[in-house]
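I opened my notebook to look up how some parts of this chain pack and pair. My notes follow.

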Amino acid sequence: MLGKGDKMRLIITDDFQEMSLRAARIVAGQVELKPDSNLGLPTGSTPLGLYDYLIKFHKEENLSFAKTSSFNLDEYYGLGQNHPKSFYQFMKENFFQEVDLPQENINFLQGRAEDVEKECYRFENKIASSGGIDLMILGIGRNGHIGFNEPGEELKSHTHLADLAPETIKANQKFFDSEEEVPRQALTMGMGTILKSRQILLMASGKSKSWAVKELMKKRVTTEFPASFLRVHPRVILLIDQEAADRI
Ligand code: PGA
């Protein structure tokens, strides 16, 4: 459990909607306080409600992303930006096309880059030369992965090409017609890239995440549970709903 001296702040909400609204308020506050913020953004089911609220704030309350920059956490290897299942398309449909974030401020890993190492280096350098990520928003895998930093004997610090764990392929099948279609590799920010962010907001919703949330509460840092590395970061907010908090 989180206790005195713990740096992670835990917020438990009633449900997915409330979690999404609270997350949107945090992101909106960041952008209002620092309009030229660099945001780290995830894909997946978890941030969908957050993006909906941010779009609502943009349309109804004039929240503007005109000076903001975004850096997406990862992209499937082998999928071009126009591929319907690419994370770029996901972001375009669920967020980018609905807000005023300028196209030139959107930073994405290129899944079809010819030279993968060069592409990872380019992305890593772009984050650094832009001043670093102010607020990194994260989901968490059922197995404790962050981005595509999967459990294993080692973790990579920088942006790299990663193999998806079998359980991740299964979990991501929901976005594809079949399991076979899910790409087996992805370009992802490394754990060091993520930990360099000034502030981290991790969201988790639903019973399927309750084991991962329970593990995250344990006071140990291990590559076998990548999200545990968040424990060494001084400013992490865990924003989870009641179902995800079921086992803590
Ligand atoms: P999800 O994925 O939001 O679709 O559950 C989260 C993750 O795998 O990091």
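I started with one residue pair. I looked up aspartate 163, and its bridge partner in E8 is glutamine 185. I kept in mind that this is a predicted model.

Next I asked: how many bridges join E7 to E8? I found four, and the two strands run antiparallel. Strand E8 covers residues 185-188.

Then I looked up the sheet around this pair. I found an open sheet of three strands, in the order E4-E8-E7. The pairing is antiparallel.

Which strands sit at the edges? I wrote down strand E4 (74-76) and strand E7 (160-163), since each pairs on one side only. On average it is 30 degrees, with direction ignored.

I moved on to the helices. I looked up helix H1 (residues 16-33) and helix H2 (residues 48-61). Their axes come within 8 Å and cross at roughly 55 degrees. H1 passes H2 in a right-handed crossing.

Which residues meet there? On the H1 side I listed several, including Phe16, Leu21, Arg25 and Val27. On the H2 side I listed Gly49, Leu50, Tyr53, Leu54 and Phe57. I then sorted the contact by class. I noted ten nonpolar, three polar and one charged residues.

Key
Residues numbered from 1 in each chain as written. Predicted model: local features only at pLDDT ≥ 70, side-chain atom pairs only at ≥ 80, totals over all residues. Heavy atoms only, no water. Axes fitted to C-alpha atoms, helices over the stretch in contact; angles between N-to-C directions. Left-handed = near helix turned anticlockwise from the far one by under 90°. Contact = heavy atoms within 4.5 Å. Nonpolar A, V, L, I, M, F, W, Y, C, P; charged D, E, K, R; others polar. Pairing = 2+ DSSP bridges.
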